[in-house]
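Me: I have a model open here and would like to go through it. Can you take my questions as they come?
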Amino acid sequence: MSEEVIHSRIWQEEAEPDNAFAAASCHCHGYDVYGELLGQASWIEYLFLLFRGDAPTNQQTKLLEGLAIALANPGPRDAAVHAAMCGGVGLSTSASCLMAALAVGAGASGGAREVYLAMEDWQARGTNLALWQEGLAIKPVDDPADVWPSLGHSAGFDPHGVRCTTPVLQTLVHLAGLGCGQSLIWLHDHRASLEAAAGLPLAMSGVAAAALCDLGCTPAQGEMLCLLLRLPGAAVHALEQKDFGHKNFPFFSIKLENDPGTAQGGKNRTEEKI
Amino acid sequence: MNGPERLEQHVGRLTTSAGAFFPGERAVFCGQDLHASLNDLDWLELYLFGINGRRYTEPQMKVLHAMCTFTSYPDARLWNNRVAALAGSARSTGSLGIAAAFAVSEAQIYGRGVDLRASEFLIRVRSEVDCGADLKQLVRSELKQKRGIAGYGRPIVAADERIAPMMALVREQGLDGGPHLKLAFEVEKILLEGRWRMRMNYAALAAALCADVGMSPREYLFSSMPAFLAGMPPCYLDAVEKSEGLLFPLPCRMLSYQGVGHRRWRDGKSSVQDVG
């Protein structure tokens with residue numbers, strides 16, 4: 001029986017002469033990783049190369065670097081970071097903290113799935129304002145055959161926002177100013193019209209989606225990059241809460257709407273701070 | 001009320017009907033005292049109760065148990081199980097390996113994605129047939145639109161060894177007369193008679209049985225989540241008990257490169273030198 005293989009357009013290895021399980025050379029999209037990229041390419045350039053298959057231009061490097069900084073730490077109030085901290089505070093394994101951040105940060109509300117959906121909108125609507133206004137007027141519909149729960153708002157906008165927040169605006173202005181692609185510049189110029197059509201302010205996910213389109217990413221690549229780029233903040237806040245300990249972490253209160261009380265044998269306490 | 005005012009109402013407190021525990025006193029599970037009124041449930045009954053607050057008959061529970069046991073395969077070649085096994089081989093923890101394998105099971109060509117689509121298809125089509133639609137036409141239309149029907153055909157092999165034992169149990173429990181089950185077999189007949197030659201697989205059978213006990217597609221999605229679980233710990237444990245790194249080791253020759261040739265990195269600009 002012939003030996004099965006793993007196909008790759010990304011990675012090529014040559015074995016050490018005395019060990020078939022150790023690589024003597026590794027090439028990524030044709031570039032010698034340890035013989036040349038190491039020491040010459042920056043982390044961001046290498047990240048771009050891995051996803052897009054070619055070396056980035058200076059503008060692309062600056063755009064991905066700016067996006068990486070904007071996404072790296074949404075702060076401890078963010079749901080994904082909150083999830084990671086729940087792992088940290090209970091002294092769970094480090095990987096479980098990041099898995100928790102990935103699971104929550106994957107979501108269609110504020111997470112990587114929202115970026116994916118917004119990138120699909122960019123693919124379909126481009127820089128056509130009429131198409132955006134038409135699309136944003138339609139509420140997202142639940143698909144009962146999709147494992148993803150329905151998104152309650154237009155992708156890329158803040159469902160609870162009052163106006164576009166300062167960090168989102170600062171990020172948009174900075175990234176659009178890099179002049180890499182059309183999406184960010186157009187988004188910057190038409191933000192008010194889009195927000196009026198959506199009835200909601202632009203969110204960081206919307207800026208990220210435009211940036212990733214300008215980097216030439218597919219929605220699936222954009223989703224993956226968002227998952228990756230948001231992990232640093234989750235990691236450090238999980239570690240931080242490990243140090244603070246569970247006594248310094250909120251446990252919150254709960255109110256049951258259907259407490260059976262003592263009828264089934266327990267003591268009746270309808271609201272309890274636990 | 002929208003925006004920050006709405007969020008402000010929820011700061012620091014959760015209003016819920018899911019449940020809560022009262023330290024030192026009791027625990028409430030979906031409106032029931034867990035230790036007083038639900039203590040006769042086995043684990044799967046409790047799990048299902050948590051999804052839709054429903055209790056099932058003894059024959060129904062036998063079939064719902066079998067739905068999990070009949071598809072828990074401790075075969076580390078299977079992609080989800082392989083994740084658990086690789087975790088063991090790499091000396092990660094059991095929880096990490098099994099949680100990752102569990103998450104991976106929410107796939108589109110097998111597992112939870114297929115389960116959900118199969119359930120949605122059968123429930124939707126049954127409703128349309130009840131309203132007078134032609135089943136053959138609905139099947140043709142589904143195939144045209146989606147290039148396949150979830151629960152019919154199977155990656156890797158055509159036959160499904162789980163169908164016969166499950167149907168034997170279903171008949172034994174007197175649950176073989178449900179409308180969705182009947183519909184599932186009618187769809188298979190159409191697909192076998194036509195040019196498609198697709199057999200029903202376990203996903204359609206399980207989805208039909210759960211639709212017949214009243215589960216919506218989303219309830220079925222959650223009910224089917226533990227279906228592969230029992231097969232995962234043996235894969236992890238087998239790998240962790242062996243020497244490290246022995247699970248499916250990959251020599252360099254097993255990488256088949258199909259990308260661009262070698263090139264030089266010069267100031268962020270590339271030039272193709274030769275074909276690798």
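Me: What does the domain assignment give for chain A?
Reply: Domain 1 of chain A covers 1-40, and domain 2 of chain A covers 56-72 + 112-229. This is a predicted model.

Me: What distance separates the centres of domain 1 and domain 2 of chain A?
Reply: Taken over C-alpha atoms, the centres of domain 1 and domain 2 of chain A are separated by 36 Å.

Me: And chain B, what does the domain assignment give there?
Reply: For chain B the assignment lists domain 1 (19-55), domain 2 (71-111 + 230-245) and domain 3 (112-223). The C-alpha centres of domain 1 and domain 2 of chain B are separated by 29 Å.

Me: On to confidence. What are the ipTM and pTM of the model?
Reply: The ipTM is 0.90 and the pTM is 0.93.

Me: What is the average pLDDT of chain A?
Reply: Chain A averages 95, and 96% of its residues score at least 70. Over residues 268-274 of chain A, though, pLDDT stays under 50. The model has 14 contacts beyond four places in sequence for that stretch.

Me: Which elements of chain B have the lowest and highest mean pLDDT?
Reply: Strand β7 of chain B, residues 269-272, has the lowest at 48. Helix α12 of chain B, residues 232-241, has the highest at 98. Residues 270-276 of chain B have pLDDT below 50, and beyond near neighbours in sequence the model gives this stretch 23 contacts. For chain B as a whole the mean pLDDT is 93, with 94% of residues at 70 or more.

Me: How many residues of chain A are in contact with chain B?
Reply: 56 residues of chain A are in contact with 55 residues of chain B.

Me: Which element gives the largest share of the chain A side?
Reply: β2(A) does, with five residues. Elements of chain A that each supply at least two residues to that side include β1 (6-8), β3 (19-28), α3 (58-72) and α5 (94-105). By class, the chain A side has 24 nonpolar, 19 polar and 13 charged residues.

Me: Helix packing next. At what angle do α4(A) and α5(A) pack?
Reply: Helix α4 of chain A, residues 79-89, packs against α5(A) at about 155°, with the axes 7 Å apart. That angle makes α4(A) roughly antiparallel to α5(A).

Me: Is their crossing left-handed or right-handed?
Reply: α4(A) and α5(A) cross in a right-handed sense. The contact has 12 nonpolar, four polar and no charged residues.

Me: How are α2(A) and α3(A) arranged?
Reply: Their angle is about 100° and their axes are 9 Å apart, so α2(A) and α3(A) are roughly perpendicular to each other.

Me: Which residues of α2(A) meet α3(A)?
Reply: A:Ile44, A:Glu45, A:Leu47 and A:Phe48 do. On the α3(A) side the residues are A:Gln60, A:Thr61, A:Leu64, A:Glu65 and A:Ala68. Five residues of this contact are nonpolar, two polar and two charged.

Me: Last one, chain B. At what angle do the axes of α9(B) and α10(B) cross?
Reply: The axes of α9(B), residues 179-193, and α10(B), residues 202-212, cross at roughly 155° and come within 7 Å. That makes α9(B) roughly antiparallel to α10(B). The crossing of α9(B) and α10(B) is right-handed.

Me: And the residues between them, how do they divide?
Reply: The contact of α9(B) with α10(B) has nine nonpolar residues, one polar and one charged. Among them are B:Pro179 and B:His180 in α9(B), and B:Leu209 and B:Asp212 in α10(B).

Technical notes
Residues numbered from 1 in each chain as written. Chains lettered and ligands numbered in written order. Predicted model: local features only at pLDDT ≥ 70, side-chain atom pairs only at ≥ 80, totals over all residues. Axes fitted to C-alpha atoms, helices over the stretch in contact; angles between N-to-C directions. Helix = DSSP H or I, 4+ residues; strand = E, 2+ residues; numbered from the N terminus. Parallel < 35°, antiparallel > 145°, perpendicular 65-115°, else oblique. Left-handed = near helix turned anticlockwise from the far one by under 90°. Contact = placed C-beta atoms within 7 Å. Nonpolar A, V, L, I, M, F, W, Y, C, P; charged D, E, K, R; others polar. Domains from an automatic or database assignment. pLDDT = per-residue confidence, 0-100.
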